[in-house]
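Hi there,

Here is the structure I promised to pass on. Have a look at it first, and my notes follow below.

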Amino acid sequence: MDRNPDLLEPMDMPDPQFPLKLGTCRFERVGTPAFYAHWHEHMEFLYIIEGSARITCNADSYDVGPGDLIVVNCADLHQGVCMSDRLTYYVVIFDPDLLHSHRLDSAETKFITPIVRSRIRFANRITGDAAIKDSLDELIREYEKKEFAYELSVKSCLYRLLTAMLRGHVAESMPEGELASRIRRLTRIEPVLAHIEANYAERLDVETLAGIAGMSRYHFSRVFKELTSRSVTDYVNFVRIGRCEQDLRYTSKTISEIALEHGFSDIYYFSRLFKSYRGVSPSSLRGQTALA
């Protein structure tokens with residue numbers, strides 16, 4: 001998977017008059033990045049069909065399996081890793097403006113406008129909700145068949161889906177103006193996140209990264225923590241450990257070689273850190289992989 005250096009993902013729609021698209025993603029190797037960290041101004045649903053994945057939204061990680069839904073709100077920084085030998089999921093992306101009606105009614109003012117402006121934000125992981133599953137399944141069927149008037153049916157499915165989410169899965173209400181502020185802050189730190197992914201194995205100090213963002217060290221550290229819920233050091237280690245895990249699973253390099261290659265000069269520190277992030281030591285993971 002090629003790395004897009006711009007974390008704001010471009011979002012071209014097949015039909016600009018109906019800004020919703022649906023696709024299927026498949027992966028066949030544990031530890032493979034499903035997608036790197038990015039964000040966008042659209043809403044996105046990741047609907048797991050087969051296998052398992054670890055999806056990180058902002059700084060919260062969710063282990064998901066068949067039937068689980070990941071909701072990516074506008075400006076959520078998100079990334080995913082395949083956690084099984086086979087992973088299949090649907091991706092539904094839509095412009096929230098699709099929900100607007102031309103008449104100003106109570107549905108528009110109480111629900112649609114707050115969703116479009118991201119004042120209402122939803123829980124990132126939803127599981128075990130039959131109403132949501134039924135609405136998603138019908139939306140996918142209608143979109144894939146594209147029978148006459150499928151747009152009406154897809155839009156009605158979307159409204160039913162959002163109704164179920166409003167009734168049971170609202171995470172927070174964002175104050176007016178906070179979304180625009182969040183997008184401005186994401187735009188400032190996105191070159192920093194791209195720099196970390198490209199140079200994670202090197203020594204990365206906060207002063208240098210703050211300079212890339214054009215911020216003071218203090219302001220940068222605060223904004224970075226607000227957006228990712230991780231300190232700079234924690235985020236860099238998170239990226240390094242992910243790359244180490246792939247090499248442990250799929251190469252014959254020694255543990256020492258892997259640690260050094262990915263920025264860890266102290267093998268004992270690396271082993272302790274790896275276990276704190278993954279719950280097993282590097283040698284245990286390698287042993288499990290060899291037995292698989």
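**Aromatic pairs and a helix crossing**

There are 10 aromatic pairs in this predicted model, counting rings of Phe, Tyr and Trp (its six-membered ring) whose centres lie within 6.5 Å. Residues are numbered from 1 along each chain as its sequence is written, and side-chain values use heavy atoms, without hydrogens and water. Because the model is predicted, local features need pLDDT of at least 70 and side-chain atom pairs pLDDT 80 or more, while totals for chains, interfaces and linings use all residues.

One of the pairs is Phe-45 with Phe-94, at 5.7 Å centre to centre and 50 degrees between the planes. That makes the pair tilted (planes under 30 degrees apart are stacked, over 60 edge-to-face, the rest tilted). Phe-45 sits in strand S3 (residues 43–50) and Phe-94 in strand S8 (residues 87–94), 49 residues apart; strands are DSSP E runs of at least two residues, helices H or I runs of at least four, numbered from the N terminus. Both Phe-45 and Phe-94 are buried (under 20% relative accessible area, 1.4 Å probe, protein chains only).

Ring pairs also join Phe-220, Phe-224, Tyr-235 and Phe-238 into a cluster.

Now the helices: the axes of H4 (residues 178–199) and H7 (residues 232–250) come within 10 Å and cross at roughly 40 degrees. Leu-193, Ile-196 and Glu-197 of H4 meet Tyr-235, Val-236, Val-239 and Arg-243 of H7, with contact meaning heavy atoms within 4.5 Å.

Happy browsing!

Terms used: Axes fitted to C-alpha atoms, helices over the stretch in contact; angles between N-to-C directions. Buried < 20%, exposed > 50% of the residue type's maximum accessible area, 1.4 Å probe, protein only.
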